[in-house]
Amino acid sequence: MIAIPDRSPDAETLRKVPFYRHLYVQVLVAIALGVTLGAVWPETGAALKPLGDGFIKLVKMVIAPVIFLTVVTGIAGMRELTAVGRVAGKAFAYFLFFSTLALIVGLVVANVVQPGAGMNVDPATLDSKAIADYAHKAEETSLIAFLLDIIPTTIPSALTDGSILQTLFVAILFGISLSLVGKPAEPVFDFLERVTLVVFRLVGILMKAAPIGAFGAMAFTIGKYGIASLANLGALVATFYLTSLIFVLGILGAVAWLHGFSILKLIAYLKAELLLVLGTSSSEAALPSLIGKLERAGCDKGVVGLVVPTGYSFNLDGTNIYMTLAALFIAQATGIDLSWGEQAALLGVAMLSSKGAAGVTGAGFITLAATLSIVPSVPVAGMALILGVDRFMSECRSLTNFTGNAVAAIVVARWEGKLDRARLDEVLNNRRVSDAETIDEDDALVTVPAA
Ligand SMILES: O=C(O)C[C@H](O)C(=O)O
């Protein structure tokens, strides 16, 4: 196994770095500029969409290699192969529990707060054409099609088509094969570890463009949808943000505390990524960076490689809270009184359909369309009501999804005995700081996993 140099700066070095060279400061300033520009010159703001899209494309370009290399080298580095099945089993148990809990939280909050009550909207007056496209896309995502889609046409196509689950599938098989071949395959393993160095260095370079992406995406959001659009559906948006905040700080916070780390410190450690997710409204925008940072925080490479990419399909806490909350909001706004049985049916369908969601902007909306097309009690046309604020809802979905997956990876690593506690403490308590992507060209390596 090659030794990967640990080049993270210590706290002393970092203190000498001017504040404006930290990535999170740059992204924060970019978001503020984007909001201002979108509010003052909406047309110019809306026209800046390509900046955000371009950055997302840059990140998507490296997602498949990052997942492939992390999973292959992670699995091949695990001493026993049964560990792969064990990690997967633990991850799925975690995903099932917390994503179901998120759906229940959305359902309970909607019943208590009743954000859509008293709106008296007649579903027949809604523009059902506006969501026909979403409903159509949703129809294409049946369970069987979703499962079959995990198998790629060819091994290389898994890496070139940009599908996270296909890449993961091929990487797991390749990692297991590499491990079974053993000694004769060691040069392949060493080679892949060296390629990992290069790819993470590339990620570091790409992240320098994050402020531009966040600026363009934010200017577009505010320019196109306007802050005013929030006012009409303020109760729904505010309920969703508050519920997600309570979920993250309360539920995930308790999980973190039980496992010996602080959710607030984790959030502080991942602040640059979270701001980027907020700006681009896509949790995938920070996926490669999350993988690198979790490894640097002492989580085993194999565990991170297995948990994070699968979590991006199966553990979307924000999307799940949104699904039940938004479905009940539509029912309340259109005057439909759902019985407990109908709510239970909604929950059951959402449990399945939410598993096909993704970390790209708008994915949660399509997943909701899929759910409502199956559940007869809530009209799909009612989604036209919330289409205008979806971008703002998407931001909250992605932030919650991202945090949920970061917590899941640390917890599963701990369950598996593959968490370096001392390192996690060091990193979260700022004694070793790896949030220094912008210090200089060389320090782009900070996202490289520790040896
Ligand atoms: O990015 C995500 O995790 C979710 C996405 O933004 C969405 O709109 O559902």
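These exercises, each with a worked solution, concern a predicted model.

**Exercise 1. Rings around Tyr94**

Classify the aromatic pairs that Tyr94 forms with Phe95 and with Phe98.

Solution. A pair of aromatic rings is described by the distance of the centres and the angle of the planes. The structure contains nine aromatic pairs. For Tyr94 and Phe95, the ring centres are 6.5 Å apart and the planes meet at 85 degrees. Planes over 60 degrees apart count as edge-to-face, so Tyr94 and Phe95 form an edge-to-face pair. For Tyr94 and Phe98, the distance is 4.4 Å centre to centre and the angle between the planes is 35 degrees, which makes this pair tilted.

Then place the second pair in the chain. Tyr94 and Phe98 are four residues apart in helix α5 (residues 82-113), so about one helical turn separates them. Check the accessibility too: Tyr94 has 1% and counts as buried, and Phe98 has 9% and also counts as buried. Phe95 is buried as well.

**Exercise 2. Charges over rings**

Find the ring that Lys271 lies over and the ring that the charged end of Lys293 sits over.

Solution. Lys271 lies over the face of Tyr24, at 4.3 Å from the ring centre. Lys293 has its charged end over the ring of Tyr269, 4.9 Å from the centre of that ring.

**Exercise 3. Helix α15 and its partner α11**

Explain why helix α15 is described as largely enclosed, and describe how α11 packs against α15.

Solution. Helix α15 spans residues 271-280, and eight of its 10 residues are buried, so the rest of the structure largely encloses it. The buried residues are Ala272, Glu273, Leu274, Leu275, Leu276, Val277, Gly279 and Thr280. After α15 comes Ser281, with a positive phi near 60 degrees.

Turn to the packing. Helix α11 (residues 210-225) and α15 have axes 7 Å apart, at an angle of about 35 degrees. Their crossing is left-handed. On the α11 side, Ala210, Ala214, Ala217 and Met218 meet Leu276, Leu278, Gly279 and Thr280 of α15. Sorted by class, this contact has six nonpolar, two polar and no charged residues.

**Exercise 4. Helices α13 and α18**

Describe the packing of α13 and α18, and sort the residues of their contact by class.

Solution. Helix α13 covers residues 234-258 and helix α18 covers residues 317-333; they pack at about 145 degrees with axes 10 Å apart. The crossing is right-handed. From α13 the contact uses Leu236, Thr239, Phe240, Thr243, Ser244, Phe247 and Leu252, and from α18 it uses Asp317, Gly318, Ile321, Tyr322, Leu325 and Phe329. The sorting gives eight nonpolar, four polar and one charged residues.

Definitions and conventions
Residues are numbered from 1 along each chain as its sequence is written. This is a predicted model: local features need pLDDT of at least 70, side-chain atom pairs count only at pLDDT 80 or more; totals for chains, interfaces and linings use all residues. Side-chain values use heavy atoms; hydrogens and water are left out. Axes are lines fitted to C-alpha atoms, for helices over the stretch in contact, and angles run from 0 to 180 degrees between N-to-C directions. Helices (H or I, at least four residues) and strands (E, at least two) are DSSP runs, numbered from the N terminus. A crossing is left-handed if the near helix is turned anticlockwise from the far one by less than a right angle, and right-handed if clockwise. Contact means heavy atoms within 4.5 Å. Ala, Val, Leu, Ile, Met, Phe, Trp, Tyr, Cys and Pro count as nonpolar, Asp, Glu, Lys and Arg as charged, and the others, Gly among them, as polar. Rings of Phe, Tyr and Trp (its six-membered ring) pair if their centres lie within 6.5 Å; planes under 30 degrees apart count as stacked, over 60 as edge-to-face and the rest as tilted. Buried means under 20% relative accessible area, exposed over 50%, partly exposed in between (1.4 Å probe, protein chains only). A charge sits over a ring if NZ of Lys or CZ of Arg is within 6 Å of the ring centre and within 35 degrees of the ring normal.
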